[in-house]
Amino acid sequence: MILPPFEYHRPGSVEEALKIAADCSGDFDYVAGGSDLLQNYKNRLNPRGHLISLTGIEEMLGATEEHIGGLTLLADLERDGSVHPALRTAASLVASPLVRQQATVAGNLLVETRCFYFNQSEFWRRSLGYCMKAEGDVCLVVPQKEICYATYSGDLAPVFMVLDAVYHLAGPGGRREVKAREFYCGDGIERNVKKPEEILTHVTLPGSSRSLQADYSKLRVRDTFDYPMMSVAASLRLDGDKVDEFHVVVNAVDTRPLPFEDYTASLRGRRFDQGFTEEVSGEVRDRSRPVKNLVLSTAYRKKMIGVYLSRILQSFLKS
Ligand SMILES: Cc1cc2nc3c(=O)[nH]c(=O)nc-3n(C[C@H](O)[C@H](O)[C@H](O)COP(=O)(O)OP(=O)(O)OC[C@H]3O[C@@H](n4cnc5c(N)ncnc54)[C@H](O)[C@@H]3O)c2cc1C
Ligand code: SF4
């Protein structure tokens, strides 16, 4: 498949990128590694007339324990001994080693939502009838509804959420911060609270995230390079044998990674033991409702939520 025509820009600063974006009157996309966006362009999924590459912006490079630049390559993140081990695990589970040499952190956090009816060639989509995420005006998964249920399938976001990370955005109106847990929204087309012209420059983690035990586990069809069919992130801090802080995020079952903050906050002070791991895994599974638009069945993905979360909590119990 070949790319459609577009004009390519490579600014050297955030300010220059924002200026170019303003001149494009909305007909642009930012691009970092291009491993997600260019595949969608080849499938003629909403291509734009201008591509603004962010790869020349120095301030977005580099990672430390508490500051991760948007242009950090996933291959570097997975090898970086200074970042939280759960982030390294999640990075190592994205795609394949070759893709991770190209893929960036910000691109991963902003990866396009996925659906069986959307991630197809133009020919395939034309033969079935377009859906409203590209060219059409109806949802082929839930025709009665006016929102898109395409699934959020990035691997890093759930881990950033359980580590209480903050995303930093730069736009024409200045810079702002949004908590990772509040960034994603319940529509597969709108996807998140970022405005089209805003750039995700970096992510910060609170110093307290260092003392959180955390892990990420992912269900996929082919372990060599597939997107998640379901995944779970969890983090825990104990005070003696009692739960002091606890977060769970279930991913790739909905339009956004799903936090369970009200439920997990209610568990503070509970004894962390075998009974706790069984009860919580079952409860989180029962509260989740995977959307039916990926190749594995919803029943299987739902069942695996309990299994994968239980494995993470068991590993916390043993350590
Ligand atoms: C074979 C294959 C397998 C894959 N498997 C996985 C997988 O298992 N898990 C997974 O999570 N992903 C997977 N991906 C998707 C993709 O490779 C990764 O998500 C990657 O991290 C995207 O980063 P990128 O820099 O290439 O993003 P790009 O493709 O450059 O951009 C992705 C989106 O983010 C926007 N964007 C990028 N950077 C910024 C920024 N700083 N500010 C504002 N907007 C920005 C772009 O406009 C675009 O909408 C896979 C891709 C391929 C080709
Ligand atoms: S959920 Fe519906 S609107 Fe969204 S991509 Fe799938 S078919 Fe299209």
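The legends below describe close-up views of a predicted model.

**View 1**
Ligand 1 has 32 residues around it, of which Tyr30, Gly34, Ser35, Thr104 and Asp155 come nearest. The side chain of serine 35 places an N or O atom 2.6 Å from an oxygen atom of ligand 1. Two further approaches involve the backbone. In aspartate 36, a backbone N or O atom is 2.9 Å from an oxygen atom of the ligand. In serine 153, a backbone N or O atom is 3.4 Å from an oxygen atom of ligand 1.

**View 1. Ligand 2 and its shell.**
Ligand 2 sits in the largest cavity.

**View 2. The open sheet E8-E9-E10-E11.**
Four antiparallel strands make up an open sheet, in the order E8-E9-E10-E11. E8 and E11 (258-259) are at the edges with a single partner strand each, so each has one side without a neighbour in the sheet. In a regular strand, side chains alternate between the two faces of the sheet.

**View 3. Strand E8 and its pairing with E9.**
Strand E8 covers residues 213-219 and is mostly covered, with five of its seven residues buried. E8 pairs with strand E9 (residues 230-239) over seven bridges, in the antiparallel sense. Which residues of E9 stand opposite glutamine 213 and leucine 219? The bridge partner of glutamine 213 is leucine 236, and leucine 219 stands opposite methionine 230.

**View 4. Aspartate 226 in the loop between E8 and E9.**
Aspartate 226 is located in the loop between E8 and E9. Its relative accessible area is 11%, and the residue therefore counts as buried, the limit being under 20%. The side chain of aspartate 226 makes a polar contact of 2.9 Å with the side chain of arginine 222.

**View 5. Arginine 256 in the loop between E10 and E11.**
Arginine 256 is placed in the loop between strand E10 (242-251) and E11. Arginine 256 counts as partly exposed because its relative accessibility is 27%. Between arginine 256 and glutamine 102 the separation is 154 residues in sequence and 24 Å in space, C-alpha to C-alpha.

**View 6. Alanine 95, a residue with positive phi.**
Alanine 95 is in the loop between helix H4 (85-92) and helix H5 (97-100). Its phi is near 45 degrees, a positive value in a residue other than glycine. Is alanine 95 buried or exposed? Alanine 95 is buried, because its relative accessible area of 15% falls under 20%.

**View 7. Glutamate 135, a residue with positive phi.**
Glutamate 135 lies in the loop between helix H7 (122-128) and helix H8 (156-162). Although glutamate 135 is not a glycine, its phi is positive, at about 75 degrees. With a relative accessible area of 49%, glutamate 135 is partly exposed.

Terms used: Residues numbered from 1 in each chain as written. Chains lettered and ligands numbered in written order. Predicted model: local features only at pLDDT ≥ 70, side-chain atom pairs only at ≥ 80, totals over all residues. Heavy atoms only, no water. 1 Å grid on protein atoms, 1.4 Å probe; cavity = no way out; pocket = protein on both sides within 12 Å on 5 of 7 lines; lining within 4 Å. Sits in = over half its atoms within 2 Å of the grid points. Buried < 20%, exposed > 50% of the residue type's maximum accessible area, 1.4 Å probe, protein only. Helix = DSSP H or I, 4+ residues; strand = E, 2+ residues; numbered from the N terminus. Pairing = 2+ DSSP bridges. Near = heavy atom within 4 Å. Polar contact = N/O pair within 3.5 Å; in protein donor to acceptor, adjacent residues only side chain to side chain.
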